Amino acid sequence: MERRLLDSEHDAFRDTVREFIRREVAPHLDAWIADGVTPRDFWRRAGETGLLGISVPEEYGGIGTPDFRYNALLVEELCRAGSLGLASTVGIHTNIVAPYLTGLATPEQQERWLPGFVSGEIITALAMTEPDAGSDLKAIRCQASPADGGWVLNGQKTFITNGWNADLVIVAAKTDPAAGHRGMTLFAVPGDSPGFGRGRPLHKVGQRESDTAELFFDDVWIPRDHLLGEVSRGFYHLMEGLAQERLSVSVMAVACCEAILEATTTYVRDRQAFGGRLADLQHIRMTLATLATETDIARVYVDRCIEEHNAGALSAFDAAKAKWWTTEVQRRVADECLQLHGGYGYMDETAISRAWRDGRIQTVYAGSTETLKDYIGRQLTS
């Protein structure tokens, strides 16, 4: 089916992203994967190209458009270039953190942080997950205690994307532990704050170019003007951002499916086995037919979610459905397509092996499949 979500301006933006990837990403991606981190120069180059400030007001150097289609195109193209890791690391910055800074930050905070956010001089992260609190956000233990003129932060976060490189981290902490999730507050913590430490970059199964780290806060002083949003409203601020976060993951999932299927279809057409092409075997064709159908259906639903999101009408309920379904489709597509590649698919240097290992985490972060199914079920039966 013809995709009717985009117009000529979006196509021009896609061309810009593709040229940036061709010039600044493709020649270096293997080295970044080997190093386990994307260098800061990548961020500055992305900023110079105008890719980091899509939703940031023009007065701070951004494009100033709330049209999520541009955000979607950016992560889509990174996925199609074979780097779900870069899509994740850039997506955290542009799709996840940006709304907190444009929607919750005061004018003074925006003046302080947004120009660097857009230029790539300030890399950002969102720190929610803790060793004993993953999908269960209400269980976080990181605590900020009131002090004269501000707060003192103590605790630990883990599995934080951009955690190693981050210059500014949005941290969720309990400011009133007795109030449970109603006592959670968000703070913008500079990466050079005394008492703020980082563990070594975590060695992951996949998405190795996307740096992930543990963060430690040992009596970190947070001035009052680094409070983000309202005191004790942090949980609700985070919930307000979940629809866009889960939509972003869904966009990446579908783009990965499409890229994997395109590459696998080419492979089975060319690969000779059993006296002919793999593509001549009925089982191969039926497998591809199933995966292509599921991917196309996922694409239609996600594009519809993007339209709803642009209209301000995408619910957390529908975004949760999109996230769990598309990432499970991605898992099936990657696994089945690796199978069709045979032994070559298990070789570390092949694109399908990278897609297989990089995509496995998609059903876990931003709400695991099990957590989202339970949430959807509770909404249906309440």
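This is a predicted model: local features need pLDDT of at least 70, side-chain atom pairs count only at pLDDT 80 or more; totals for chains, interfaces and linings use all residues.
**Cavity, pocket and salt bridges**

Student: Which residues line the largest cavity, then?

Tutor: The lining of the largest cavity is made by Phe 20, Phe 42, Ala 46, Leu 51, Leu 52, Leu 74, Leu 78 and Val 90. Helices α3 (40-49) and α4 (68-80) each supply at least two residues of that lining.

Student: What volume does the largest cavity have, and how many cavities of 30 Å³ or more does a search of the whole structure find?

Tutor: The volume of the largest cavity comes to about 30 Å³, and a search of the whole structure finds 1 cavity of 30 Å³ or more.

Student: Switching to pockets, what is the volume of the largest pocket, and which residues lie nearest its centre?

Tutor: The largest pocket has a volume of about 1400 Å³. Its lining has 46 residues, and those nearest the centre are Thr 129, Val 364, Tyr 365, Ala 366 and Gly 367.

Student: Which elements give two or more residues to the lining of the largest pocket?

Tutor: Two or more residues of the pocket lining come from each of α5 (84-103), β3 (150-161), α7 (234-270), α10 and α11 (369-381). The largest share, 8 residues, is given by α7. By class, the lining of the largest pocket has 23 nonpolar, 14 polar and 9 charged residues.

Student: Staying with α7, is Glu 245 buried or exposed?

Tutor: Glu 245, which sits in helix α7, has a relative accessible area of 12%, and because that is under the 20% cut-off it counts as buried. From C-alpha to C-alpha, Glu 245 and Ile 96 are 5.7 Å apart in space, although 149 residues separate them in sequence.

Student: On to salt bridges: how many does the count come to?

Tutor: The count comes to 30 salt bridges. One of these is formed by Glu 77 and Arg 14, with the closest N and O atoms 2.4 Å apart. Glu 77 is in helix α4 and Arg 14 in helix α1 (residues 8-25), so this pair ties together parts that are 63 residues apart in sequence. Both Glu 77 and Arg 14 are buried.

Student: And which salt bridge does Arg 299 make?

Tutor: The side chain of Arg 299 meets that of Glu 76 in a salt bridge, at 3.4 Å from N to O. Because Arg 299 lies in helix α8 (residues 282-310) and Glu 76 in helix α4, the pair ties together parts that are 223 residues apart in sequence. Arg 299 and Glu 76 are both buried.

Student: What about Arg 304 and Glu 307, where do they lie?

Tutor: Both Arg 304 and Glu 307 lie in helix α8, 3 residues apart, which is about one turn of the helix. Their side chains meet in a salt bridge at 3.5 Å, N to O. Arg 304 is partly exposed, with a relative accessible area of 44%, and Glu 307 is partly exposed as well, with 39%.

Student: Which residues do salt bridges that share partners join into one network?

Tutor: One network joins Arg 3, Arg 14, Arg 18, Glu 76, Glu 77, Arg 80, Glu 258, Arg 299 and Asp 303 through salt bridges that share partners.

Student: Now the backbone: what phi does Gln 207 have?

Tutor: Gln 207 has a positive phi of about 50°, although it is not a glycine. For context, most residues other than glycine have a negative phi. Gln 207 is placed in the loop between β6 (196-198) and β7 (212-223), and at 4% relative accessibility Gln 207 counts as buried.

Student: And Phe 274, buried or exposed?

Tutor: Phe 274 counts as exposed, because its relative accessibility of 77% is over the 50% cut-off. Phe 274 also has a positive phi, about 55°, although it is not a glycine, and its place is in the loop between β9 (272-273) and β10 (276-277).

Student: Last topic, which residues make the nonpolar surface patch of about 330 Å²?

Tutor: That nonpolar surface patch is made by Tyr 346, Met 347 and Trp 356. Trp 356 is in helix α10 (residues 351-359), and at 33% relative accessibility Trp 356 counts as partly exposed.

Notes:
Residues are numbered from 1 along each chain as its sequence is written. Side-chain values use heavy atoms; hydrogens and water are left out. Patches are made of residues with over 30% relative accessible area and no salt bridge: like charges are joined within 9 Å, nonpolar side chains (Val, Leu, Ile, Met, Phe, Trp, Tyr) within 5 Å. Accessible areas come from the Shrake-Rupley method with a 1.4 Å probe; for residues, only the protein chains shown count as cover. A salt bridge is a side-chain nitrogen of Lys or Arg within 4 Å of a carboxyl oxygen of Asp or Glu. Helices (H or I, at least four residues) and strands (E, at least two) are DSSP runs, numbered from the N terminus. Buried means under 20% relative accessible area, exposed over 50%, partly exposed in between (1.4 Å probe, protein chains only). On a 1 Å grid over the protein atoms alone, a cavity is a set of points where a 1.4 Å probe fits but cannot get out, and a pocket is an open set with protein on both sides within 12 Å along at least five of seven lines; lining residues have an atom within 4 Å of a point. Grid points are joined across faces, edges and corners, and a volume is the space filled by probe spheres set on the points. Ala, Val, Leu, Ile, Met, Phe, Trp, Tyr, Cys and Pro count as nonpolar, Asp, Glu, Lys and Arg as charged, and the others, Gly among them, as polar.
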